[in-house]
Amino acid sequence: MPVLNRISDALRAVFGATRAAAPTAAERSARLERHIRALVDTLPALPATAVRALELMEDPEVSLGALAELIQNDAALAAGLLRVANSALFAGGSAVLRVDQAVVRLGLWRCKGLVAAISIRRVLSGKPDGTADALRALWHHGYVTASLCSGLSRAGRLGFGGEEYAAGLLHDIGRVLIVLADPECVALARLLDFTDDLDPRSREREALGADHCALGAWFAQLSNLPGALIDTIRHHHAPAGAARLTVLVAAADHMANHLERDATAAGYDPTTNPALTLLLADRSAGHRDALFANVPALMTDALTAAAQT
């Protein structure tokens, strides 16, 4: 009971701090809060294989062979890792057919994030209630953002070690929660607009009484995700002064929003991306210009990779 009380209090804090004043909006906010609590109360636990795999990966000395042997016992996890390992983003010229090959290709950090993300996606699967299209759009956006995070890190020599893929994939988990809890909120808060507005949180707070960043961070804490992922989920629309991982996700999110609207990199101007400018603030003008020139190719590759996962 104390644990349930803490969960309820934390969710109440997310809504209570921004409860809309208008009666109809306040009623909508209270309804969404109830629906989210009911949704979380009925969610199945993470699959046992995923829980064990995440525990194994807490040990930096873990045997990749032992990890692969465990993961291959879960068909969904194994298939998910193989799809990503064989996507355009990571394929090294030859297909990997075994889980152990996929684990080696992706690396420990990226596998850890993918195991968490794939498992959470299974737990937050849609129901036959008209949410399928919205969920498909949000997960597509997550995979595009994740692919851009990895592409930017590699092309810009930013030094991330794989954690950036999971951060991009899960950054909008709060929107997924809202869609599942109350599909009517999708249009009310324009959750699928994918606009260039760097901070849609005030719009969501006005319409719903809470924003997807705060809700996503609450759910990430409830799911025992790493602190760096929680911070990125919470702050990716406020990258100024945030950790570099959060700034990277914000930069990738800006690019992914353009792709969701236009389905092509044509017309995208990287100089309009505030988070990308922040991310490269300590780099030379030549380094920045070279990365900017590579942005259209990175965006096209991200679309291709997302389509394959």
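Is Lys112 buried or exposed? I looked this up first: Lys112 comes out buried, at a relative accessible area of 14%. My cut-offs: buried is under 20% relative accessible area, exposed is over 50%, and partly exposed lies in between (1.4 Å probe, protein chains only).

**Ground rules.** I am working with a predicted model, where local features need pLDDT of at least 70, side-chain atom pairs count only at pLDDT 80 or more, and totals for chains, interfaces and linings use all residues. I number residues from 1 along each chain as its sequence is written, and side-chain values use heavy atoms, with hydrogens and water left out.

**Lys112, continued.** I find Lys112 in helix H7, which covers residues 108-123. Helices here are DSSP runs (H or I, at least four residues), strands are E runs of at least two, and both are numbered from the N terminus. Leaving aside residues up to four places away in sequence, Lys112 touches Leu54, Met57 and Glu58; contact means heavy atoms within 4.5 Å.

**Whole chain.** I get 17 helices and zero strands. A compact globule of 309 residues would have a radius of gyration near 19 Å, and the chain agrees with its 19 Å. That radius is taken over C-alpha atoms, and the globule rule is 2.2 Å times the number of residues to the power 0.38. The C-alpha box along the principal axes is roughly 60 × 45 × 35 Å. Of the 309 residues, 51% count as buried. I also checked contacts between residues at least 6 apart in sequence: 68% of them join residues at least 24 apart.

**Surface.** The chain exposes about 13,200 Å², with carbon and sulfur atoms supplying 55% of it. I used Shrake-Rupley areas with a 1.4 Å probe; for residues, only the protein chains shown count as cover.

**Confidence.** Mean pLDDT (the predictor's confidence in each residue, from 0 to 100) is 89 for the chain, and 94% of its residues reach 70 or more.

**Val14.** This one sits in helix H1. What does Val14 touch, not counting residues up to four places away in sequence? I list Gly209, Ala210, Ala214, Leu215 and Trp218. Val14 is buried, with a relative accessible area of 15%. I also noted that the C-alpha atoms of Val14 and Glu33 are separated by 9.1 Å, the two being 19 residues apart along the chain.
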